[in-house]
Amino acid sequence: MSRAAVLCGLGGALPTTAVSNEELAGQLDTSDQWIRTRTGIRSRHVVAPGEATSDLAVAAGADALASARRTAPVADVDLVVLATSTPDRPCPATAPDVAHRLGLGPVPAFDVAAVCTGFVYALATASSMITAGVSERALVIGADTFSTILDPVDRTTRAIFGDGAGAVVLRAGEADEPGALLGFDLGSDGSGADLITVRAGGSRQRSTGGPADAGDHFFTMDGRPVFTQAVLNMSRSSQELMERVGWTPADLDKVVAHQANIRILHAVGEQLGLEEKQIVANLDRVGNTVAASIPLALRDAAADGELLPGHRVVLTGFGGGLTWGSAALVWPDLAAG
Ligand code: COA
């Protein structure tokens, strides 16, 4: 039997403050109707002043660890991987602080930055470390607070993005167990780096000598090409992964795709030949929570009884970089956080 990483805990956390479309329409030239029909989003959560990505990551991590303990007595995790593109500060990584505040001891802890694909990249990293025998049990967190880097007057990005954190616990197990991560498909295309970007704050802008241009510290996105690339790459990546693990689209019960826009989810579903009920969606309540998107969608779908033990599930993400990635598993019987 071959060693595999097995999903055994699931949790999440959202900031307390929810912002409805109507509230946004009171501040910007937009409307509930535009946002709902063009994106499917009704509301999103935003952090309070002073609340940071690590605060959400700690809450989601604690929730996932509690869920793992309810499913089966588990020993402490020996690895923390945090997917985020909004770390508390540029240096050091946020994961060691999260591990420390969760009381996990001197475990290896590091950040993975792949924007909205971050969670799938982090899952692949932790899974590989488990199958290689480097780790026995890993906490994988996706957490972002994009509200802290959005341009306050950009109606498009403010309508779409929300803050949050989601987390899973992985343990070493066997490849034929429910919950075992059966395979990954990962990719990138750096020629699209400017489509989703924060221009300032890194080594490139500093090397020009002068202060950054006004606005360059804000997140920008070129929505239309991103939309097209998201559909293309999530569909292709899911299909290639299914071929690799020996599933046909008819075998698939649920696809849990990055929650960016309901029209993207429907287009991916169409490409994969899925019915609407097979596509997990919670973006109406949370918007695009970047690295938190897929684990929060998993948490909500498990809590709502949409994801059931034995379901064949593909997770698929797309984001800045450009990056994309997919993972396949049979859904385990676990107690959500
Ligand atoms: N309210 C009202 N109007 C808005 C708006 C808002 N919140 N945001 C954009 N618009 C306007 C635009 O200014 C534009 O107006 P114009 O025609 O006068 O120039 C019009 O709506 C159409 O803009 P467009 O960008 O073509 O809209 P769209 O239908 O492509 O929807 C997105 C925009 C951003 C919702 C969509 O492109 C999208 O979801 N892209 C992918 C986002 C994504 O996946 N991001 C994360 C990937 S990691």
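A polar contact is a pair of N or O atoms within 3.5 Å; within protein, one atom must be able to donate a hydrogen and the other to accept it, and residues adjacent in sequence count only if both atoms are side-chain atoms. The model is predicted, with local features needing pLDDT of at least 70 and side-chain atom pairs counted only at pLDDT 80 or more, while totals for chains, interfaces and linings use all residues. Residues are numbered from 1 along each chain as its sequence is written, and side-chain values use heavy atoms, with hydrogens and water left out.

**Ligand surroundings**

- The ligand is surrounded by 23 residues, where a residue is near a molecule or strand if one of its heavy atoms lies within 4 Å of it.
- Thr30, Arg38, Arg155, Arg224 and Asn261 are the closest of these residues.
- The side chain of Arg224 places an N or O atom 2.5 Å from an oxygen atom of the ligand.
- Trp34 has a polar side-chain atom 3.5 Å from a nitrogen atom of the ligand.
- On its own the ligand has 960 Å² of accessible area, and the protein covers 74% of that; accessible areas come from the Shrake-Rupley method with a 1.4 Å probe, and for residues only the protein chains shown count as cover.

- Helices (H or I, at least four residues) and strands (E, at least two) are DSSP runs numbered from the N terminus, and two strands pair if DSSP finds at least two bridges between them.
- Five strands form an open sheet in the order 1-7-6-4-5, with mixed pairing.
- Strand 1 (3-13) and strand 5 are the edge strands, each pairing on one side only.
- Neighbouring strands of the sheet are turned by 20° against each other on average, direction ignored; axes are lines fitted to C-alpha atoms, for helices over the stretch in contact, and angles run from 0 to 180 degrees between N-to-C directions.
- Strand 1 and strand 7 (residues 164-174) run antiparallel and are joined by 10 bridges.
- Along this pair, Gly12 has Gly166 of strand 7 as its bridge partner, and Gly9 stands opposite Val169 in strand 7.
- Strand 7 also runs antiparallel to strand 6 (residues 137-144), with eight bridges between them; Arg137 is bridged to Arg171 of strand 7.
- Eight of the 11 residues of strand 7 are buried, leaving the strand mostly covered; buried means under 20% relative accessible area, exposed over 50%, and partly exposed in between (1.4 Å probe, protein chains only).
- Strand 4 (residues 79-83) and strand 5 (residues 109-112) run parallel and share four bridges.
- The chain passes from strand 4 through helix 4 (residues 95-101) to strand 5 in a right-handed β-α-β crossover: with the strands pointing away from the viewer, the path from the first strand over the helix to the second runs clockwise.

**Helix 11**

- Helix 11 (residues 293-303) is largely enclosed by the rest of the structure, because 10 of its 11 residues are buried.
- Among the buried residues are Ile294, Leu296, Leu298, Arg299 and Asp300.
- Gly305 follows helix 11 and has a positive phi, near 75°.
- Val290 lies in the loop between helix 10 (283-286) and helix 11; Val290 has a positive phi of about 60° although it is not a glycine.
- At 1% relative accessibility, Val290 counts as buried.

**Other loop features**

- Cys91 and Pro92 are joined by a cis peptide bond with omega about 0°, and Pro92 sits in the loop between strand 4 and helix 4.
- Another cis peptide bond joins Gly321 and Leu322, with omega about -10°; Leu322 is in the loop between strand 12 (312-319) and strand 13 (323-330).
- Val115, in the loop between strand 5 and helix 5 (118-131), has a positive phi near 45°.
- Val115 has 17% relative accessibility and therefore counts as buried.
- Ala250, in the loop between helix 8 (223-245) and strand 11 (254-257), counts as exposed because its relative accessibility is 74%.
- Ala250 and Leu274 are 24 residues apart in sequence, with 8.2 Å between their C-alpha atoms.
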